[in-house]
Amino acid sequence: MHGNRYEKRLLKALLLFFILFFLFIFSEFYIGHLNKRYSNEFRGGYKVIDTEGKNVIDASFFHIKDFNSNGVAFYIHKWTIAGLTDEMGFIDGEGNSVYKEATKTIKDLKIDSAKIIPYLGDEVLIADDGTNVDIIDLDTGDFYIVENATMCFDDYSFENGLFALIDKETDKVGYVNKYGEWVIKPEFGDLSRQFHRDLPAL
């Protein structure tokens, strides 16, 4: 009697184990399939396509900047089946992660993705977090902070190694280099979008 009860319990336990194992394998496969399919087709956001309109990268993004001349783009959040991932980073034209040191710096600085206004150049990422402006070297991950400054909304270009910022205290425009140093002090009320013969119109 006791032997039969033990065998029945053992069989039930084994059956339950195989059922749970099967459900786990199925869910992993099914969720992975949905994540690949629906994140691109139905989640919206920004996608990377070629000149024929075909997806180049098997992902979609909440926000992605234009590719720079090095073929690299900066993104904020990827879509997944569960929603948005809380991440920022850099990808090349095939979707590979690049500039890992700079990505690590972004995480270390704890830049708020909801507030960031990014500009991606060929050498640096410039991020306006609403309080300060962070300048991050793409190759080394080194960063420089311009305190109490904000980006100029009508000029996102890095011309001749200089970038226009507004000093919040004076509300004046000046230019910093990639090390966050004021090369042209913030004492101007307006600025031109482009340099002409290496000179900005201020």
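Student: How do S8 and S9 pair, and over how many bridges?

Tutor: This is a predicted model, and in it strand S8, residues 133-137, pairs with S9 in the antiparallel sense over four bridges. Within that pairing, Ile136 stands opposite Phe143 in S9.

Student: What's the strand order in the sheet?

Tutor: The order is S6-S7-S8-S9, an open sheet of four strands with antiparallel pairing. Strand S6 (117-120) and strand S9 (143-146) are the edge strands, each pairing on one side only. From one strand to the next, the twist averages 15 degrees.

Student: Which helix packs on the sheet, and which strands does it touch?

Tutor: That's H2, residues 100-109, and it touches strand S7 (124-128), S8 and S9. The direction of H2 makes about 150 degrees with that of S8.

Student: Which residues of H2 are buried?

Tutor: Ala102, Thr103, Thr105 and Ile106 are the buried ones. They sit on the same side of H2, because they cover an arc of only 155 degrees around the axis.

Student: Remind me, why do residues three or four places apart point the same way in an α-helix?

Tutor: It's the 3.6 residues a turn of an α-helix, so residues with that spacing point the same way.

Student: And what's exposed on the other side of H2?

Tutor: Lys100, Lys107 and Asp108 are exposed there. Just after H2 comes Lys110, which takes a positive phi of about 55 degrees.

Student: OK, on to S12. Why call it largely enclosed by the rest of the structure?

Tutor: Six of the six residues of S12, residues 162-167, are buried, so the strand is largely enclosed by the rest of the structure. Leu162, Ala164 and Ile166 point one way, while Phe163, Leu165 and Asp167 point the other way, and all are buried.

Student: How many bridges does S12 make with S10? And with S11? And with S13?

Tutor: With strand S10 (residues 149-151), S12 has three bridges in the antiparallel sense, and there Met151 stands opposite Leu165. With strand S11 (residues 158-159), the pairing is antiparallel over two bridges, and Glu159 has Leu162 as its bridge partner. With strand S13 (residues 172-176), the pairing is antiparallel over five bridges, with Leu165 opposite Gly174.

Student: What about the hairpins, how many residues between the strands in each?

Tutor: The S11 and S12 hairpin has two residues between the strands, and Asn160 in the turn has a positive phi of about 55 degrees. The S12 and S13 hairpin has four, and in its turn Asp171 has a positive phi of about 60 degrees.

Student: Switching topic: where does Gly93 lie, and what is it in contact with?

Tutor: Gly93 lies in the loop between strand S4 (88-92) and strand S5 (97-98). Leaving aside neighbours within four places in sequence, Gly93 is in contact with Val56, Ile57, Phe67 and Gly71. Gly93 counts as partly exposed, at 34% relative accessibility. Gly93 and Ala73 are 20 residues apart in sequence and 8.0 Å apart in space, C-alpha to C-alpha.

Note on methods: Residues are numbered from 1 along each chain as its sequence is written. This is a predicted model: local features need pLDDT of at least 70, side-chain atom pairs count only at pLDDT 80 or more; totals for chains, interfaces and linings use all residues. Side-chain values use heavy atoms; hydrogens and water are left out. Two strands pair if DSSP finds at least two bridges between them. Axes are lines fitted to C-alpha atoms, for helices over the stretch in contact, and angles run from 0 to 180 degrees between N-to-C directions. Contact means heavy atoms within 4.5 Å. Buried means under 20% relative accessible area, exposed over 50%, partly exposed in between (1.4 Å probe, protein chains only). The arc is that of the directions from the helix axis to the C-beta atoms.
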